[in-house]
Amino acid sequence: MQIYDTGTSSQREPEPGGNEAGHSALVHDHIAAEVRRAGGWISFDRYMDLALYAPGLGYYSAGAHKLGAGGDFATAPEISRLFGACVARQCAEILAAVDEGSILEIGAGSGCLAGDVLQGLERAGCLPRRYSILEVSADLRARQQDHLGRCVPHLASRIAWIDSPPAARFDGVILANEVLDALPVTRFRWSAGALAELGVGLERGRFVPVPRPASPAMAAQCERLRAAAGADWPDGYESEYCPRIAPWTLAVTSALGAGAVLWFDYGLPRAQYYLPERASGTLLCHYRQRVIEDPFLRPGLQDITAWVDFTALAEAGEEAGFGIAGYTNQAYFLAGTRVDAEMRSLAGQDQNRYARLANEARRLMMPGEMGERFKAMAWARDLGPPLAGFGLRDLRHTL
Ligand SMILES: C[S@@+](CC[C@H](N)C(=O)[O-])C[C@H]1O[C@@H](n2cnc3c(N)ncnc32)[C@H](O)[C@@H]1O
């Protein structure tokens, strides 16, 4: 996600209006009731699950505006059509290697990526048999239908929305941009040589972090994370991990036969994620183009995210029976899929358009913007050729 205004939460913080504040109060009360029923403590991943996905209430389940102008954040496909055009090039290569391939996109946001990928594939003469979208948010699904109805109306018969991962096997591509970062995470604190799970309690009606001794299983998991970083954590070190990454990714990818899964998100290999200097973890929230550090503010109104441990994602892929066909950063992925050629093709003879695209490409590719923080990973099954997006710089050795 990109935030236009990089101010911190202490400056002129945007405040919700009456309806929004009322909605957030309902979400707060819903979660607080669960904390009380549970005896005063719930895990952080349960809190995050409720704040994001509680039916009719959570950030993704209710009507928050979320993406784009007037929303909470902007993603790569929202920033530039170049992202979708390059993803389309990668999809074309995969679809050419399988018979009658289809695409499944998970979490399609405003529908921008789907529109750009379909248009790119149409230009390349290799449309997928079907483009399915698995989306949990009813209002985003409506936005996707509206956007695709306007930008590719003639392709409507190929596009379908599904409520759960497909059961029937298909060949082709699965795509997910910035979906993994919303999977609920478990938080922990390392203090005085002991590990605590940081859950959520209530103090004078407000949510607060509350430690309790970690289970042996959690202690063993955190020891693996610490060992990967190869250094001791300082007293008070806090971080998080995503216990759902393997079961969730297995559930959404198990129907894929021959083809590839393309994951795009911000994150790091485990050895870098858990370095001692990253002492307060990577949990961040987004509200109206602002980065907010406190996950307990405005429940239901702000997105809550954590960076992806790409080593865990690679392990999940192998457990799910895929090979890890590529891992690189967004800048190299876009360069490998010929972002330069896409700029020329999208701009045609229009020099102003070319200059605008060049500016967008910088935002997507510069190390200080999205180029390095964002990574791309490909899982592949029964797929012959290497993937162009991962050919320029192979970072798998860092996992
Ligand atoms: C940050 S937005 C990214 C949207 C889009 N991929 C883009 O790049 O603009 C996250 C998207 O994932 C969806 N989402 C979140 N959790 C999901 C889940 N567990 N299963 C399917 N979709 C999910 C959200 O509703 C939203 O469409």
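The following legends describe close-up views of a predicted model. Local features require pLDDT of at least 70 and side-chain atom pairs count only at pLDDT 80 or more, while totals for chains, interfaces and linings use all residues. Residues are numbered from 1 along each chain as its sequence is written.

**View A. An open sheet of three strands, in the order β11-β10-β12, with antiparallel pairing.** Strands (E, at least two residues) and helices (H or I, at least four) are DSSP runs numbered from the N terminus; two strands pair if DSSP finds at least two bridges between them. The edge strands β11 (290-292) and β12 (303-305) each pair on one side only. Three bridges join β10 (residues 284-287) to β11 in the antiparallel sense. His286 has Val291 of β11 as its bridge partner.

**View B. The shell of 20 residues around the ligand.** The closest are Thr75, Gly107, Gly109, Ser137 and Asn177. Helices α3 (76-79) and α5 (112-123) each supply at least two residues of this shell.

**View C. The largest nonpolar core, with 109 residues.** Such a core is a set of buried Ala, Val, Leu, Ile, Met, Phe, Trp, Tyr and Cys residues joined through C-beta atoms within 7 Å, where buried denotes 20 or more other C-beta atoms within 10 Å of the residue's own. Cys91, Ala260, Leu262 and Ala378 have the most contacts inside this core. Helix α4 (residues 81-97) gives the most to the core, with ten residues.

Definitions and conventions
A residue is near a molecule or strand if its C-beta atom, placed from the backbone, lies within 6 Å of it. A residue is buried if 20 or more other C-beta atoms lie within 10 Å of its own, exposed if 12 or fewer, and partly exposed in between; C-beta atoms are placed from the backbone.
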